[in-house]
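Biologist: I have a model open and want to learn to read it. Where do we start?

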Amino acid sequence: MLMMSIGQFDVKPAKAGFVAKCSEALRRGLSRPPSSSATHPTLSTNHNLEENPVKIVVCMKETPSTTVEKSFGPDMRIERRKEDAVINPFDEYTIEEGLRQQEKHAGSEVIALCMGPATATDNIRRALAMGADRGVLVTDPALAGSDAIGTARVLAAALKQIGFDLALFGSAAADAYGGVVPSAVAEFLGMPLLSFAGKLDIDGSTARIERQAEVGYQVAEASMPALVSVVKSINEPRYPSMKGIMQAKKKPIDTLTLANLGLDADTVGAAGAREEALSAEKVTAQRKGEIYMGNEGAADRIVAFLVEQKVL
Amino acid sequence: MLPPFMPSGGLIGAIIFGIVLVVAWVAFGLRIRKLVRMLLAGRPENRFDRLGDRIKYFTLMVLGQRGVLRDPLPGIAHFFTFWGFIIIQIDALNLWAMGLGFQIPIISSKPFAAILDFFIFMAAVALIAFTYRRLVMRPRQLQSQTHGMADAYTILILIALVLVTLFFFEVFAYVATGGAAWSVFGALLNPAFGGMNARTALALADVAWWGNVLTVLGFLVYLPNSKHLHLIATPFNVFFRNYAPMGALQIIPNIEEREDYGVHKVEQFTWKQLLDGYACTECGRCNSVCPALATDKPLWPKEIILGVREELYSQGNILLVGAGAAEEAAKHEPMVGGLIKEESLWACTNCGACVEICPVSIEHVQKIDDMRRYLVMEESNFPQEVTPLFNNLERNQNPWEISNDTRANWARGMNIPTLAEDPDVEVLYWVGCMGSFDARNQKVATAFAKVMQAAGVRFGILGPEESCTGDPARRIGNEYLWQMLAQQNIEVLNGYGFGKGGEAKTEANGTNGATSSNGATATAPSGVGVEPGRAYNVKTVVATCPHCFNTIKNEYPQLGGNFEVIHHTEFIDRLISTGQLKLPAGFDRRKLTYHDPCFIGRWNGVYDQPRRVLNVINSEGVTEMRRNRNRSFCCGGGGGRAWMEEKIGKRINNTRVQEAMDTGADALAAACPFCISMFEDGIKAVGATDNFGVEDISEILARALEAQPVAAAQAEA
């Protein structure tokens, strides 16, 4: 297989923030100019970067199962039923990656962070059953109707409060497929985002990813603490063992409200949403296929079709 | 009563013999004590129920030797070796007594001597037959992965020694005593030795006697340390055989409150499962019928049983010493992944051919699935392709990424009510996931529904209220998922009044399902209890999938779900026999062969019903394959294998398709969605799509009914 590295991106910690040296091509992918004046809080709990254990926060969303028929309420929001709620399939890879990093770095902690309704604890337990150590649920009635930016604001605040060396995201959620949240969180935290990672290596001071490109793959690096979004090719999520399921029942899930995070209710939820769904329509699969049977001069008709399509 | 002479050679001889006798028995006793203590290190299991049946079966199988007699040559030889051995042992009591200076009545009588000599002769013939088989015929099943042949030859030589020494003792004793120590051999050969000096004859008799008693006592010590432990353990194993429905795996009780799941340490097996290891005669019949092994996969059912025994022996001291030996135990290579390879466990199709053929009632499949349970539930270690299956079963109640809300879509426009629409239907058609979602098997569901409609059966389906029965999850080792799905289904079925009530049955005295043909208990057809003239009772569940059928029938009772459930082939057979379904007899003029699905055949004894149906609809009747009925060869899809890739060796389904085609049949009749799916693939793989096909029995019927509606058929008749 052809593999080539077409760019490298380094972020090194400076006194008060980040100074990035990066190629132009990659800078365009950044959510904010690296020369931002925003001061970056000390997020890491791991001050000795030589030490191996890391604090990993995996961000997960609860989404309706991909197989259920989706319907929209009058506000054009997807109607969510508790019994259909599953972990966003993309986030299973996020959780798995957190656990694999933990396995590589003994003593590390994996925290599952979720913003959602109070009932989302069931799905957080699933992450705990897979092996995460504890869960944090941000839940507040005022959060209903949050758009991507509102969600990112909350997650950023929660990440700040929890503290982390590595925060992992899925590349999108299977309900709205926005794919904006990871970069928006990076914006709020004033940190770069290592996005669409197909491979992740951390060594305590640096996170390094490989990102699949059209030709070969790109390698990008950032110093820790780091934000990384992962794609599905990065791993194969595990199925929780029975032991895991039983242990998960005893693991703690902390609940945070907007007040705990110090956020104003009007910056999040429906009130703070800058995005509005105007209408929703069902996509009907349009399959245009024609079948020619062998005894109907199929060969000639296929040749004619290919000529028509300028294939031949 | 005094013996004619003391073959130990007088007082000193008697004393020496007495010591030897005591030492041998003490050594024997100590070994047996250890073996029993190791067994008891296993988990408890109740195998003391149904004592009457146990005694009956014991008589037939052990005393009547019915199991081994199914394979005539070694069977008959074994019959005489077994009885010869018993008679010789009884006679040995008298020989020992003679050595100590007395004699036991009856055993020392002439009639007994005649019987003894007959069996000595027959045992000698049997011994020659066995030696011939081992040396010249060399059946593949006798080869072992972990054991040399030394054990086998040792025993053949020992038996020969016992026979030869006994023979010469009898002859010389007769000569020495002038016929007072009567025997057939002595009487026959006396003329040849007639001129022999009595003292010489006496000395030779003494030598033969010492040779015999030392061999027999040596045998006594050697026996429990060798594979011939089966001589002692087999009768017990047969007595303690499984009386739960054959098709049921054992339940893991209180699954949410346990510390461990399944088996990875030998002491997690039950004592009966450990006894299986002692009872194994290493005959290898299980290997010879295993479809995985036949297609070059690394599964030797015999090695699983012997692996467990080896593990028990090597762990024995640790188990018996108990605490303090933990360190030693930690150093020990784990059983699963060590003596028993994971890939062997995953290769099993749960077809039950090994269990069926085992002459000593060993239960291989439960052990394999117990170890799978450990791998799945404790280690989350299983073939990767199974993960989506588990996830989908949890989320969608079916094996695919498809909403369960669409479960009834196949039946659209067919005028089939769901139970929610019409809760008063008489029969529930349990469609199963394959029938509901798999394009090929939707055709089977449609065909079977049409057959029922033609017979005027008032039936309905559950639609979205039906969930996967959990069978694939349970067979792969995910007991927890099975319990969740099963409970959900039981609630739904009970909600519609299909429950027969009754408490959860303990495994050991569940309903009498079929027992293996190696069992004495005949198949109890589920139709028993139906009013005469009626094809079915109200509130009967009919399943087209043998896996659904088996788990609902045999395993749901473990969770308190008791339902009257039958397989559709059996249901159709009853519709025909009661006249409720009229068919254009002989409509199908193709040459047909029939494949017995393991989960209705071996596990449930449904062999005749599908054949009867085919014999009505087909002009020629069934052309049997080489391996049929209880010897049927799996399609490769059972035990969750349908959800795993088959990467090693030849493909099982192709092998079976080839066998079906070898009958010269035009088509293969099947009765299981997994078999159909496996065979569709197999037919493509062998490139026979143009001249060979697989159809469910109901499809053949539906086509016939469509082409020649019943009214017309009746008019013709």
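Modeller: Start at Asn350(B), in the loop between helix 15 (342–347) and helix 16 (353–357) of chain B. Helices (H or I, at least four residues) and strands (E, at least two) are DSSP runs, numbered from the N terminus. This is a predicted model: local features need pLDDT of at least 70, side-chain atom pairs count only at pLDDT 80 or more, and totals for chains, interfaces and linings use all residues. Residues are numbered from 1 along each chain as its sequence is written, while chains are lettered from A and ligands numbered from 1 in the order in which they are written.

Biologist: Is Asn350(B) buried or exposed?

Modeller: Buried means 20 or more other C-beta atoms within 10 Å of the residue's own; exposed means 12 or fewer, and partly exposed lies in between, with C-beta atoms placed from the backbone. Asn350(B) has 27 such atoms, so this residue is buried. Its phi is near 55°, a positive value in a residue other than glycine.

Biologist: How should I read the largest nonpolar core?

Modeller: In soluble globular proteins, nonpolar side chains tend to be buried together. Such a core is a set of buried Ala, Val, Leu, Ile, Met, Phe, Trp, Tyr and Cys residues joined through C-beta atoms within 7 Å. The largest one here has 160 residues; Leu428(B), Val451(B), Phe679(B) and Leu701(B) touch the most other members. Helix 20 (residues 439–454) of chain B gives the largest share, 8 residues.

Biologist: Which strands pair in the open sheet of chain B?

Modeller: Strands of a sheet pair through backbone hydrogen bonds, either parallel or antiparallel. Pairing requires at least two DSSP bridges between two strands. This sheet has 4 strands in the order 2-1-3-4, with parallel pairing. Strand 2 (459–460) and strand 4 (565–567) of chain B are at the edges with a single partner strand each, so one side of each lacks a neighbour in the sheet. Strand 1 (residues 427–430) of chain B meets strand 3 (residues 540–543) of chain B over 4 bridges. Leu428(B) has Val541(B) as its bridge partner in strand 3 of chain B.

Biologist: Where is the pLDDT of chain B below 50?

Modeller: pLDDT is the predictor's confidence in each residue, from 0 to 100. Where it is low, the predicted coordinates should not be read in detail. The mean for chain B is 89, and 92% of its residues reach 70 or more. Yet pLDDT is below 50 over residues 503–527 of chain B. Residues 712–717 of chain B also stay under 50.

How values were computed. Two residues are in contact if their C-beta atoms, placed from the backbone, lie within 7 Å.
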